[in-house]
Amino acid sequence: MISVHYCIGLCNHDNTFTLNTKPALSVPSQINLIHWEPIILNMLQNAFFFDNIERGSVLLVNIIKNNTNGIFQTNNVTNILIKCIVENTGKYNVIDIERLHSVYRELGVFPEENRNSYNFSIKIANYLQANYILYGIAYGNSEKPNLELQLISVKTGEILRVVSGAA
């Protein structure tokens, strides 16, 4: 009778140690990466999203809020959003994400916390003297999330434009 032993790492078979180098977990052969840049550009261009922003205004792109059912790369997608705005419009001053992170640190808040809300975004925008907020929310399935962007006037709190897109 043959005895089969399964183990991972350093294994003891009949007082003889062997090293098993087979992977303990199966690794997917392909990771599904979402290419956000064309999705975001399409969302912004098709909706004439920035027609309501006055030339020379300061725009705060808030760190996207994750309301998906899993992990969402909020900083990565926020950076792509800022890049798309800066490269495709030359009439606004966009607050750098590093400046936004420093304000969060000054206030003792983590962007991933639930305080990354609409009202908190208005407070940060006032602190940074921004005229407009681009407030983003990712929702739905984290593997194929939906993204909603709201353009908000800091002065009035009015939502000027809303656009949605899916990965």
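Biologist: What is the mean pLDDT of the protein chain, and what share of its residues reach 70 or more?

Modeller: The model is predicted, so local features need pLDDT of at least 70 and side-chain atom pairs count only at pLDDT 80 or more, while totals for chains, interfaces and linings use all residues. Residues are numbered from 1 along each chain as its sequence is written, and side-chain values use heavy atoms, with hydrogens and water left out. With pLDDT being the predictor's confidence in each residue, from 0 to 100, the mean for the protein chain is 81, and the share of residues that reach 70 or more is 77%.

Biologist: Are helix 1 and helix 2 parallel or oblique to each other?

Modeller: The axes of helix 1 (residues 36-46) and helix 2 come within 10 Å and cross at roughly 55°, where axes are lines fitted to C-alpha atoms, for helices over the stretch in contact, and angles run from 0 to 180 degrees between N-to-C directions. Angles under 35 degrees count as roughly parallel, over 145 as roughly antiparallel, 65 to 115 as roughly perpendicular and the rest as oblique. Helix 1 and helix 2 are therefore oblique.

Biologist: Is Thr-78 buried or exposed?

Modeller: Thr-78 lies in helix 2 (residues 74-88), and, leaving aside neighbours within four places in sequence, Thr-78 is in contact (heavy atoms within 4.5 Å) with Val-61, Asn-62, Ile-63, Ile-64 and Ile-97. The C-alpha atoms of Thr-78 and Ile-64 are separated by 6.0 Å, although these residues are 14 apart along the chain. Buried means under 20% relative accessible area, exposed over 50% and partly exposed in between (1.4 Å probe, protein chains only). Because its relative accessibility is 0%, Thr-78 counts as buried.

Biologist: What covers the buried residues of helix 3?

Modeller: In helix 3 (residues 97-107), the buried residues are Ile-97, Leu-100, His-101, Ser-102, Val-103 and Tyr-104. Their cover includes strand 3, helix 2 and helix 4 (118-127).

Biologist: With which side chain does the side chain of Ser-153 make a polar contact?

Modeller: Ser-153 is found in strand 7 (residues 146-153) and, at 10% relative accessibility, counts as buried. A polar contact is a pair of N or O atoms within 3.5 Å; within protein, one must be able to donate a hydrogen and the other to accept it, and residues adjacent in sequence count only if both atoms are side-chain atoms. At 3.3 Å, the partner of the Ser-153 side chain is the side chain of Thr-156.

Biologist: Which residue other than glycine has a positive phi near 60°?

Modeller: Most residues other than glycine have a negative phi. The residue asked about lies in the loop between helix 4 and strand 6 (132-140), and, with a relative accessible area of 65%, this residue is exposed. The residue with phi near 60° is Gln-129.

Conventions. Helix = DSSP H or I, 4+ residues; strand = E, 2+ residues; numbered from the N terminus.
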